[in-house]
Amino acid sequence: MTSRHRSSDTAHTFAPRRRTVVKAAAATAVLAGPLAAALPARAATETPAFLHGVASGDPLPDGILLWTRVTPTAEAIPGSGLGPDTQVSWTVAKDKTFTTIVAKGSTTATAASDHTVKADIRGLQPATDYFFRFSAGGTESPVARTRTAPATDAGVAGLRFGVVSCANWEAGYFSPYRHLAARGDLDAWLHLGDYIYEYKSGEYAARGKVVRPHAPANEILTLADYRTRHGRYKTDPDLQALHHKAPVVAIWDDHEFADNAWSGGAGNHTEGAEGTWTARQAAAKQAYFEWMPVRPAIEGTTYRRLRFGKLADLSLLDLRSFRSQQASTGSGTVDDPERTLTGRVQLDWLKAGLKASDTTWRLVGNSVMISPFAIGELSADLFKPLAKLLGLPQEGIALNTDQWDGYTDDRRELLAHLRNNAIRNTVFLTGDIHMAWANDVPVDAGTYPLSASAGTEFVVTSVTSDNLDDIVKVPEGTVSAVAAPVIRAANRHVHWVDTDRHGYGVLDITADRAQMDYYVLSDRTDPNATSSWARSYRTRSGTQKVERTYDPV
């Protein structure tokens, strides 16, 4: 999603396009809190500190990737390039008291990697909880829980994942992370993109109001900028809490780079005035891999595959590094077979993996919606804000060309592959659009439901980023009550859409069904916001269709 407008930032000019209104400006207002509070207190002794928590990710049957960032001295804040080399040790145990230690080691944190540390631990037992911590200079980090994946050939009764996307720092607090952390029943959690936002302070906030400013205040362009923004995010207590409770499996979308990013540029990047896209993209990727517990299967990308026993495998996509530039809406080029969303190599990898899979479920971590979407006959007062949210021309009906709708040849090839090879139980897990959806994925939307459904899709709403009611500035639920029936009437494969609320999902998988429970926040601007269950949808094994169910798992 994207939105288009121009803004200036120091010597730079930006054009945030579609996602400015939908997914922007989430980045770092925590240095003023935990960092500012912590640094003066330790300045006299210069004791190393773990101000950004610890995290784990990409669980394997025999391993887990551990992460932290050490602040060795007061001046060694993220992005500063300052601070001495610091020895950092890690310990992994089977219990919180670290009585039964199973792995330990150490490495040197340096300014060259922004004093971030990763440890790829192997030799662990499958489907097992572990506890870990780091230490440096006599200081210990918080203790965190993680969990390995089931053995490759294990029969697994069930899996449970938290599912989130689109966390805009300036628009509110990250209560969805806190509520997921409080569950204590997650095998892992999936972040489907827009973990951070790149915008300058004030450019993208909560109905225009900055709830908490981020750092740096400027639009992020350089390696130091991206590091600072990631650092701000990692000081959020709710985000830290979730990282301390379960491993994350993350992919990026555009705002980890810039709004509407593609292989050769971005809607929110002006070549020359903001440097080269090549340099900016490289800086963004370097900071991402420094600050995230993500194990790149191919250097510089986030596409990879994880397996959870015989129950499910999870193909994770990178839909920014290889895509062609977004088509000009209405130009007809969305059907051009020379244009690609995935890139040839990644699409072949995805098709081969789906065909070869011997698991019950084939999950696809997908950063932009694959289900086709027609606006329908919305009134002008609703069409314009929806167009703004999705980055559509506000003069008339159009496609969101940043999604799979803008790259129909890739989608046609993938869905035909699923259909022609009788590949069942493919579930796309999607973020990006700041709305909650439960969709069948039709082979031919024009004739659906007479045509087949090739899979299903569960789309989660934003953690905090603006959605329709925020853009219109009306009470929550007002727009959805009018817009949802119109959208569903024009899209018969859509079982449910909620255009107005913020929250998260919990995906629960058994051999019989995959179910998404949708939860919503009471108020994204309240740091103590409550969470409540909104709806649940499931797909039964073998059906390739979504149905409503009336109780969360």
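For this tour, Ala, Val, Leu, Ile, Met, Phe, Trp, Tyr, Cys and Pro count as nonpolar, Asp, Glu, Lys and Arg as charged, and the others, Gly among them, as polar. Keep in mind as you click around that this is a predicted model.

**Stop 1: the largest cavity**

Select Ala436, Val460, Thr461, Trp496, Asp498, Arg501, Tyr504, Gly505, Tyr518, Tyr519, Val520 and Ala534, and you've got the lining of the largest cavity. Color them by class and you'll find eight nonpolar, two polar and two charged residues.

Now switch to a cartoon view. Strand 22 (494-498), strand 23 (503-509) and strand 24 (513-521) are the elements that each give two or more residues to this lining. Which strand gives the most? That's strand 24, with three residues.

**Stop 2: the second largest cavity**

How many cavities of 30 Å³ or more are there? The count is two, so let's hop over to the other one. Pick out His52, Gly53, Val54, Ala55, Trp67, Lys234, Leu239, Gln240 and His243, which line the second largest cavity. Its volume is about 30 Å³.

Here the elements giving two or more lining residues are strand 3 (54-60) and helix 4 (237-243). Helix 4 gives the most, with three. By class, this lining has four nonpolar, four polar and one charged residues.

**Stop 3: helix 3 and its partner**

Next, show helix 3 (residues 223-233) together with helix 5 (residues 277-291): their axes come within 8 Å and cross at roughly 35°. The crossing is right-handed. On the helix 3 side, the contact is made by Leu223, Tyr226, Arg227, His230 and Gly231. Helix 5 brings Arg280, Ala283, Ala284, Gln286, Ala287, Tyr288, Glu290 and Trp291. Between them, the two helices put seven nonpolar, three polar and three charged residues into the contact.

Nine of its eleven residues are buried, so helix 3 is largely enclosed by the rest of the structure. Among the buried ones are Asp225, Thr228, Arg229, Arg232 and Tyr233.

**Stop 4: Thr152**

Last, find Thr152 in the loop between strand 10 (144-147) and strand 11 (159-164). Is it buried or exposed? Thr152 is partly exposed, because its relative accessible area of 44% falls between the 20% and 50% cut-offs.

What does Thr152 touch, leaving aside its neighbours within four places in sequence? Select Pro61, Arg307, Gly309 and Lys310 to see those contacts. Then check Gly309: it's 157 residues from Thr152 along the chain, yet their C-alpha atoms are separated by 4.4 Å.

Terms used:
Residues numbered from 1 in each chain as written. Predicted model: local features only at pLDDT ≥ 70, side-chain atom pairs only at ≥ 80, totals over all residues. Heavy atoms only, no water. Axes fitted to C-alpha atoms, helices over the stretch in contact; angles between N-to-C directions. Helix = DSSP H or I, 4+ residues; strand = E, 2+ residues; numbered from the N terminus. Left-handed = near helix turned anticlockwise from the far one by under 90°. Contact = heavy atoms within 4.5 Å. Buried < 20%, exposed > 50% of the residue type's maximum accessible area, 1.4 Å probe, protein only. 1 Å grid on protein atoms, 1.4 Å probe; cavity = no way out; pocket = protein on both sides within 12 Å on 5 of 7 lines; lining within 4 Å. Points joined across faces, edges and corners; volume = space filled by probe spheres on them.
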